[in-house]
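Open the model in your viewer and keep the selection tool at hand. The tour goes stop by stop.

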Amino acid sequence: MTEKIHWIKTHCARMDHGGCALLVGVKDNKIVQVKGDPDGYLNKGYVCPKALASPDRLTHPSRLRHPLKRKGKRGEGNWERISWPEAIQTISENLSKIREGYGAKSVAFCQGMPKGLEHFVLIRLANLFGSPNLVAVQDVCHAPREVSGMHTCGFYPVADFHHQSKTVILWGSNVTGTNEEGEICSLLLNQIKQGTELIVVDPKKTDLAKKAKFWLQIKPGTDNALALAFLNVIIEEGLYDKAFVENWTHGFEELATHVKDYTPEKMSQATWVPADLIRESARYYAASHPAAIQWGNPIEQNINTFDTSRALVCLMAICGNLDVPGGNIQANEPRILGLGPFVRADLIPSKRKEMIHAHHHTIPRFMTVPPAFFKKAVLEGFPYPVRGAYIQCANPLMGYTESPSTFDALMSLDFFAVSDIFMTPTASLADIVLPAATHFEFNDIGHYGLGHGHILARPKVVDPPEECWPDMKILNELGKNLTSGEYWHEDYEGFLDMLLKPAGLNYEQFVEQGYLKGEDRFKKYEASGFKTPTGKAELRLSRAEKFNLSPLPRFTGPPEADDPEYPLILTSSKDRYYLHSSYRWVEKLRKHSPRPVTEIHPETAAEYGVAEGDELVIETRSGSITQFAHLTEKIQPGVVFAAYGWWFPEGKSETQYEWKSANFNMLTSVKTLGKEFGTPNLKGLLCRIRRKK
Ligand SMILES: Nc1nc2c(c(=O)[nH]1)N[C@H]1C(S)=C(S)[C@@H](COP(=O)(O)OP(=O)(O)OC[C@H]3O[C@@H](n4cnc5c(=O)[nH]c(N)nc54)[C@H](O)[C@@H]3O)O[C@H]1N2
Ligand SMILES: Nc1nc2c(c(=O)[nH]1)N[C@H]1C(S)=C(S)[C@@H](COP(=O)(O)OP(=O)(O)OC[C@H]3O[C@@H](n4cnc5c(=O)[nH]c(N)nc54)[C@H](O)[C@@H]3O)O[C@H]1N2
Ligand code: SF4
Ligand SMILES: [Mo]
């Protein structure tokens, strides 16, 4: 007899950073429907198309279901099915061999976008193994905003969408498409209904740009010039919060002198935003109390990211928007286990000195190895050789900047293993491929360590198929083999209880509650100062010289100097139906977005003889790819918006599923990197286009 549908409450994950509360209908161990949960803390019933299609990931016939071992040459596409004990044993033996030969730091532990607790269990494994090298994409995703924030005001200032703001600036952030890291768009849309005004800084007329009071159609890659012009207007016109500046900032006079030169007129030439529009929107932000700045990836996918992030935090500070409700806050965490004890940071005290990027003199407190430096260590042995890797939840061949050198680096490793749910271009090069269980198939906790002040319950809904294991379980077993057994649990679920213990809850009780959030507490600096060396928000960094950082935010020109051979400006944004390079194999999503599309303005199209739907070749100094042209007036003439993350799961494993033909990262380069975070340019690149003959 078949069961009736029963509904389980959980939170969405792994289709982006996650966050929406879901009601999941289950029948006979199969998910039959997904709905937004009206009680959801972040979404109040909202749900997006990715989540509606997400159960299809679990049942796809080509999903990885067994551990695989490479047969024949790397990347040839020949696999032998092996057992879990053999897979764990083979990985352990190979990583141990490399540790014996070259030292523990010659093994890298690579994570893609953090998906849940697996990220922190991986860091724990790396730490216990003795390797300081946790490689992650944070150089282009969140580290600049988090770490620049910590240096400037002692915390990561997140936009508070839970309290009404008078104005929100969406600075290169498309929350209706990306719902970036828990900033679920429905929270903002509700605020807009209640009267919140928007200032949108975006080269594209997004849905939210249409709703904005001011839309600044910026030339891609020039955000730091615009941010400095905002500072210029607000300081020159005396619009800043005088009491806050006097009591709680360090270096205001120096900042004021420094930004005098960045007039709206001058910065207008750099940014293409009319000077009057810069003035009016800066005045409007300064006059709005409270106001929040929600910034997105374009701020940090640029060699100038440190200066841009600094300028934005200075803006929040001088306008009195730091740590006020509806401003940019230091979210107060619930009483749960801290990150340090979770990952056992105490067991690797020399990490800060020994991690690869420390030898490139990046900014203090930046703890993950930028992929560009990881590749250099593999290919050139600098600062020391890296010979092995364990890769989880990541597809570096698509996601890392400059794909050809990523290919070379992966091919030259002595050994690497990949855990994924599907065969990807990266996994197809591995020595061992592990079949991961994914969201809905195991108990997990969401939003831990993200700095948003809450954690979300993600209880299991169905059993994983065949031999799929949650990453946490794989890591727990590897941990027992590779490091001292006392640090690991009998069962990986021990990590859940360990994290929740300080809250006095076990996992079951937590699931009952659904989520845990810290108490709302604002203006914490009034009690104990800002957690910076001066105790103030440091407009001028007091330790800049010591760490070889620029004390004040600068504009040193666009990310690439003009080049008449490459007259167009290239950028990209995320596809609302996919997560990075993931899920092109989910048919329901592929129907919405079937092929890689490059957007250009009709005038640019006419200039280059390109028509709607034409195959379009896009070239930079680094490489060339082909996508399909779409003509739209949502972007300016002279700008090229190419799709990112494309490979073709319908292609062949032995050619890595056409990883080159449409892949945006064939166009990017690691030759020039921002000093502080090792960040490459992914936005505002110079390019040219032609119709494919
Ligand atoms: N040019 C360019 N490059 C970029 C960006 C850009 O905008 N432009 N964006 C950057 C950003 S912001 C980020 S965060 C990175 C993202 O980089 P990645 O995180 O590497 O992104 P994905 O391509 O989504 O790869 C994730 C992989 O995890 C797998 N996966 C899904 N669920 C699970 C699971 O439960 N367990 C395991 N083991 N695997 C799972 C998916 O199948 C997929 O292959 O890319 C960065 N790279
Ligand atoms: N659907 C979907 N959602 C996602 C992801 C995904 O891949 N797909 N990825 C997740 C991850 S890991 C992250 S980090 C977040 C990223 O979330 P967002 O930061 O919102 O991501 P993007 O789409 O890269 O960029 C946002 C906006 O920047 C604009 N833009 C492009 N170039 C520039 C520029 O030079 N300057 C300015 N000011 N704006 C520019 C784009 O038009 C776009 O509207 O999203 C998360 N959510
Ligand atoms: S916005 Fe993100 S968290 Fe919300 S339903 Fe969509 S994929 Fe899930
Ligand atoms: Mo990201």
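The stops below cover an annotated span and the surroundings of two ligands.

This is a predicted model, in which local features need pLDDT of at least 70, side-chain atom pairs count only at pLDDT 80 or more, and totals for chains, interfaces and linings use all residues. Residues are numbered from 1 along each chain as its sequence is written, chains are lettered from A and ligands numbered from 1 in the order in which they are written, and side-chain values use heavy atoms, with hydrogens and water left out.

Select residues 5-62. An unreviewed UniProt entry gives this span the feature "domain: 4Fe-4S Mo/W bis-MGD-type"; such annotations may be inferred rather than shown by experiment. The span is 17% helix and 34% strand, counting DSSP runs (helices H or I, at least four residues; strands E, at least two). Its end C-alpha atoms are 26 Å apart.

Next, select ligand 3 and the residues around it (a heavy atom within 4 Å). These are C12, M15, D16, G18, G19, C20, Y46, C48, K50, A51 and N179. Six of the shell residues are nonpolar, three polar and two charged, with Cys and Tyr counted as nonpolar and Gly as polar.

Move to ligand 2. Around it are 35 residues, of which T178, D202, D223, N297 and Y578 come nearest. The shell divides into 10 nonpolar, 15 polar and 10 charged residues.

Oxygen atoms of ligand 2 lie 2.8 Å from a polar backbone atom of K574 and 2.8 Å from a backbone N or O atom of H580. At R576, a backbone N or O atom is 3.5 Å from a nitrogen atom of ligand 2. On its own, ligand 2 has 920 Å² of accessible area, and the protein covers 99% of that (Shrake-Rupley method, 1.4 Å probe).

Key: A polar contact is a pair of N or O atoms within 3.5 Å; within protein, one must be able to donate a hydrogen and the other to accept it, and residues adjacent in sequence count only if both atoms are side-chain atoms.
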